Amino acid sequence: MYEDRKIRVAITHGDTNGIGYEIIFKTFARQGMLDLCTPIVYGSPKVATYHRNALGVPANFTIINEAEEIKDGRINFVPVFDEEIKVELGKPTEISGNAGLRAIDRALEDFNKGVFDVLVTAPIDNNEEFHFSGQSRYIEDHLELEGQGINMLLNEHLRIALATRNLPLKQVAETITAEKITDSATRLYNSICRDFRISNPRVAILALNPKAGANGLLGSEERDIIAPAIETLEKNNIQCFGPYAADEFFGASDWEHFDATLAMYYDQGLAPFRTLTVEAGVNYLAGLPLVCTAPDMSTGFDIAGKGIADDMSFRHAIYSAIDIYRNRMEYNEPMAAPLPKLFKEKRDETDKVRFTVPKHRNEPIRESE
């Protein structure tokens, strides 16, 4: 079991000219949030104070310098930089964007030291003044992992993952391969099992072309790439179905029959997700050792400093991160103390153990020959 303490949630402040501090302050001003977890905000105390004064909100935090100083029941604040930076609420700048990335850098350093349990990032946007590849890719690159995670969109009922990252539409078709789909669907399946504690989940895979290619009339990727990938996944005992035409799949609410959906590209996943999300959407970077979530919202430059930003999506990002962390602990716990071997194969002098799983519940278990 995990330690008998509150889950430590690291929070990065996002773009310092956006709504990051507002949604952080509003979240932890709510009753019960400090009872749920222990927040560790990575940012600038000077910038935080500026936002607090501009918004006129009561927000107290305690500056810490070492992990040993972290305490429950308060907002622990880790200074990422000491120098003065100009805050221009509502105005994107290179300085404000870089300030958000510096917070991520420090948080990832502390994650490698075991300081916190989960990470929730406030928004940073790619804009004319600040160009970057997105927080998900930035985090993956700086964790220095061999493999990649998979971006997943979450709400109360829907989980949609993306087979490709933010690509120009003309590059999507040439990026989609059977290996890519097999890998993405496997990562998605494993995440649903471990992070959401759903055994043997059903995964829907969307088509690339309109009308699922219309038997080759509108494209052959469904026949030549996606269908063979689904066959491979089935052979690997992963329940995948499709390819489904996206308009019919969402229009007829077929998504309700699945535990997760794999979309081929950004708009195919984001457009229906945001249409079907009533309250609060969450971005989850699955498949990494670090549980990392973010609110499905922008930096809100148009409303920054006005005190009207809605913190619901940010709160749900925290709830999701905590739930996933707990699910992982429960999933991993049996692996820490595996069951002893049941019996030895009588005709085999080795320690091999026979575990034969029936395909159907009522099918008898047959010994291997």
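1. Partly exposed here means a relative accessible area between the buried limit, under 20%, and the exposed limit, over 50%. Arg 187 falls in that class, with a relative accessible area of 24%. The model is a predicted one, and every value below is computed from it.

2. Start with the pair that Arg 187 makes. Its salt-bridge partner is Asp 183, and the closest N and O atoms lie 3.0 Å apart. Both residues belong to helix H7, residues 178-195. They sit 4 residues apart there, so about one helical turn separates them. Asp 183 is also partly exposed, at 37% relative accessibility.

3. Arg 328 and Asp 195 form a salt bridge, with 2.7 Å between the closest N and O atoms. Arg 328 lies in helix H11, residues 312-336, while Asp 195 lies in helix H7. The two are 133 residues apart, and the pair links distant parts of the chain. Is this pair buried or exposed? Arg 328 and Asp 195 are both buried.

4. Glu 88 and Lys 86 give another salt bridge, at 3.9 Å from N to O. The cut-off is within 4 Å, so the pair counts. The accessibilities of the partners should be read separately. Glu 88 is partly exposed, at a relative accessible area of 22%. Lys 86 is exposed, at 59% relative accessibility.

5. How many salt bridges does the structure hold? The count is 13. Arg 30, Asp 311 and Arg 315 are joined in a salt-bridge network. As background, side chains of opposite charge can pair when their charged atoms come close.

6. Strand E1, residues 7-12, deserves a look. Of its 6 residues, 6 are buried, so the rest of the structure largely encloses the strand. Ile 7, Val 9 and Ile 11 point one way from E1. Arg 8, Ala 10 and Thr 12 point the other way, and these too are buried. In a regular strand, side chains alternate between the two faces of the sheet.

7. Which strands pair with E1? One is E2, residues 37-43, which runs parallel to E1 and is joined to it by 6 bridges. Within that pairing, Ile 11 stands opposite Val 41 of E2. Another is E5, residues 118-121, also parallel, with 4 bridges to E1. Here the bridge partner of Ala 10 is Leu 119 in E5.

8. Ala 67 ties a loop back to this strand. The residue is in the loop between strand E3 (62-63) and strand E4 (76-79). Ala 67 is partly exposed, at 29% relative accessibility. Beyond its neighbours within four places in sequence, Ala 67 contacts Arg 8 and Val 115. Arg 8 is one of the buried residues of E1. Ala 67 and Val 78 are 11 residues apart in sequence, and their C-alpha atoms are 9.4 Å apart.

9. The largest cavity holds about 30 Å³. Which residues line this space? The lining is Gly 18, Ile 19, Glu 22, His 51, Leu 55, Leu 89, Ala 304 and Gly 305. By class, that makes 4 nonpolar, 3 polar and 1 charged residues. Gly counts as polar in this tally.

Definitions and conventions
Residues are numbered from 1 along each chain as its sequence is written. This is a predicted model: local features need pLDDT of at least 70, side-chain atom pairs count only at pLDDT 80 or more; totals for chains, interfaces and linings use all residues. Side-chain values use heavy atoms; hydrogens and water are left out. A salt bridge is a side-chain nitrogen of Lys or Arg within 4 Å of a carboxyl oxygen of Asp or Glu. Buried means under 20% relative accessible area, exposed over 50%, partly exposed in between (1.4 Å probe, protein chains only). Two strands pair if DSSP finds at least two bridges between them. On a 1 Å grid over the protein atoms alone, a cavity is a set of points where a 1.4 Å probe fits but cannot get out, and a pocket is an open set with protein on both sides within 12 Å along at least five of seven lines; lining residues have an atom within 4 Å of a point. Grid points are joined across faces, edges and corners, and a volume is the space filled by probe spheres set on the points. Contact means heavy atoms within 4.5 Å.
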